Amino acid sequence: MYEINNQLVEQEYNKLQVQKLAKTDALEILSITLEKEAVFPEHTSPTDAQLIVLEGNIDFHINGKKIVLKKEQHFNFPKEVSHWVEANDNSKFLIIR
């Protein structure tokens, strides 16, 4: 009934790693790790999304702008807008959509 999950702690820094933490009809939570200088290639989100940085420092590229996000910062972005991410340090973040 109740379950403790250690995926966030155990997820390795090895280039780009994406793990689904949860998925319901209402939302999906993804845990993403990026090794320093690794890139999450250009893509879009099917829904409006929230990004929460847990560790590290990333550059979020959207609409020709670079947004620097650091540990414990939150950023929201709209669906169907192309974006990509580059890690300045080993970084871990959540996508909630």
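The questions below take up the chain as a whole and then two of its residues.

Q: What kind of model is this, and how are its residues numbered?
A: This is a predicted model, in which local features need pLDDT of at least 70 and side-chain atom pairs count only at pLDDT 80 or more, while totals for chains, interfaces and linings use all residues. Residues are numbered from 1 along each chain as its sequence is written, and side-chain values use heavy atoms, with hydrogens and water left out.

Q: What makes up the secondary structure of the chain?
A: The chain holds 1 helix and 9 strands, where helices are DSSP runs of H or I of at least four residues and strands are runs of E of at least two, numbered from the N terminus. Along the sequence the order is α-β-β-β-β-β-β-β-β-β.

Q: Why is the chain called as compact as a globular protein of its length?
A: The radius of gyration, taken over C-alpha atoms, is 13 Å, and the globule rule gives 13 Å for 97 residues, so the chain is as compact as a globular protein of that length. The rule is 2.2 Å times the number of residues to the power 0.38.

Q: Why is S31 called buried?
A: Buried means under 20% relative accessible area, exposed over 50%, and partly exposed in between (1.4 Å probe, protein chains only). S31 has a relative accessible area of 0%, and is therefore buried. Of the 97 residues of the chain, 32% count as buried.

Q: Where does S31 lie, and what joins its side chain to that of Q11?
A: S31 belongs to strand 2 (residues 28–34). A polar contact of 2.4 Å links the side chains of S31 and Q11; the term requires a pair of N or O atoms within 3.5 Å, and within protein one must be able to donate a hydrogen and the other to accept it, while residues adjacent in sequence count only if both atoms are side-chain atoms.

Q: Why is E55 called partly exposed?
A: The relative accessible area of E55 is 34%, which falls in the range between buried and exposed, so E55 is partly exposed. E55 is placed in strand 4 (residues 49–55).

Q: Which residues does E55 touch, apart from its neighbours within four places in sequence?
A: E55 is in contact with Y13, K71, N90, S91 and K92, contact meaning heavy atoms within 4.5 Å. With Y13, the side chain of E55 makes a side-chain polar contact of 2.3 Å.
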